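Hello,

Here is the structure I promised to pass on to you. Have a look at it first, and then read my notes below.

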Amino acid sequence: MEMQLNQTEPVISIKGLYKSFGDNDILKDINLDVFNGENLVVLGRSGAGKSVLIKIIIGLLTPDKGSVFVLGKQINKLSGNDLNILRLRIGFSFQNSALYDSMNVRQNLEFPLTMNVPNLNRKTIDKTVEDVLDDVGLKDKINEMPSDLSGGQRKRIGIARTLILKPEIMLYDEPTAGLDPITSQEIITLINNVQKQYNTSSIIITHDLTCAKETGNRIAMLLDGCFVKIGTFKEVFDSNEEEIKGFYNYNFIQ
Amino acid sequence: MPLQLHKPYLISKTIDHYFADVSKAGFFVLRFFKEAFVPKFHLREIINQCFEIGVKSLPLITLTGFIIGIVFTKQSRPSLSEFGATSWLPSLVSIAILRTLAALVTALICAGKVGSSIGAELGSMRVTEQIEAMEVSAINPFKFLVVTRVLAATFCLPILSAYCGFVGLIGSYVSVHVLESTSIVSFFTNGFSMISFLDINASVIKSMVFGFTIGMVGCYKGYNASKGTQGVGKAANQAVVLAMFLVFIEEVVIVQMANWIRYY
């Protein structure tokens, strides 16, 4: 199923989405639109279903009910081949970076490129890899193995690996989780730079309020599998709802 | 106490899970045949895996094959000499090694070395989301990881078995030569006189089946690993145990089939 896409239409549109694992209802009646060029932050506690949501958007999980349109295509109705074509336009940054640990940084970046773009010559591959590494500020790590990199460097290489295919949409799963405040700030700056430089629309999954405030054009607050509030950071946290206040206060204390 | 309106399992939890596992494994094998013959073929990765499975197993196969040749000859010799039949030793050793021992020993070594390695590698990739990372990069992980490894194991096992058989016969010759100064030409002429085309064919086919089984079991266990590092260890362990078990069953079945062809 396909929607006509234009500037005012959302690049991601989720309607009436439900997902459960066994008796555990994870997502309940999720409705969300992400517009062209915006960074939308999905904020919520651990286990709220945030990661499940973006895994449904990229087609790693299938919804029990509801529809997910990405760049005008209904993701859960696509054939394997069409899904792969669409995935080339989406970048996914994993929580633990998911770098291929048997490959060095160069090979990690080359792999999606050479597998998806046939007949590239060595010079073009090298230039593309070096350019993307330059964008994430890790050109000097090109021959390192993932095991030799710090957590922050691994995150940046993970983001570089998704950027190599020039995605239109970026999905970040907990980009600052497990990082110190200074490295978190570097990742936040990188996310904002990617939005400007690559003109991407993004969904950022996080429970980190600093990350949400500094990267998000809009915030969607996910509590107990439902969005309780969607708006700017101020609109969401000016709310009088107890659960949102509790989340804010807990993060503030932390 | 409320009435239980339906049984949670068809038969019992264990039996239901067993049949669910069998069905899942069946679909995994079917998927292999569905994807193995459709482009794109990752030839470079198949060659890489042939190197990992084949070349890196050579030292172990050489040592084991050579020792088997020596030991089997030393153990058989006293019995044959009681009947004054030591001249039959090369034939006896050749039949034992080329019909069964070479393929079986190679398969057991590879089940331990290659099966566990594939199970652990894919299991580790699964729990660290590297397989999902391939999927979201529009790369078919089944084709890249599973098909290449299973094909490499299927191609390499017959070659390794043939090599193991050759080294085993050399070991046997060394053992015979020390005591009787038999010439190598006479040993091999005598040894191969009892080996038929069917023996060679059956051994090659058997080794291919063993290779396919070892690759498939390692990949299945690794690809479906879960529950973190514990799951990786479990996948590697189960890959070895199940592969060895299946290799023995296949050995019995193929020997029966070869004998049936031989005598009827």
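**What I found**

Helices (H or I, at least four residues) and strands (E, at least two) are DSSP runs, numbered from the N terminus.

Before going on, a word on the source: this is a predicted model, where local features need pLDDT of at least 70 and side-chain atom pairs count only at pLDDT 80 or more, while totals for chains, interfaces and linings use all residues. Residues are numbered from 1 along each chain as its sequence is written, and chains are lettered from A and ligands numbered from 1 in the order in which they are written.

Back to α1(A), which spans residues 50-57: six of its eight residues are buried, namely A:Lys50, A:Val52, A:Leu53, A:Ile54, A:Ile56 and A:Ile57. Buried here stands for 20 or more other C-beta atoms within 10 Å of the residue's own, with C-beta atoms placed from the backbone; 12 or fewer would be exposed, and in between partly exposed.

Chain A also has an open sheet of six strands with mixed pairing, in the order β6-β7-β8-β3-β9-β10. Its edges are β6 (90-93) and β10 (226-231); each has a single partner strand, so one side of each lacks a neighbour in the sheet. From one strand to the next, the twist averages 15°. Strands β3 (residues 39-44) and β8 (residues 201-206) of chain A run parallel and are joined by five bridges; two strands pair if DSSP finds at least two bridges between them. Within this pair, A:Val42 stands opposite A:Ile205.

Among the residues in contact with A:Ile203 are A:Ile54, A:Ile57 and A:Leu171, leaving aside its neighbours within four places in sequence. Contact requires C-beta atoms, placed from the backbone, to lie within 7 Å.

Finally, where the chains meet, 13 residues of chain A are in contact with ten residues of chain B. Helix α3 (105-116) of chain A gives the most to chain A's side, with three residues.

Best wishes

How values were computed: Axes fitted to C-alpha atoms, helices over the stretch in contact; angles between N-to-C directions. Contact = placed C-beta atoms within 7 Å.
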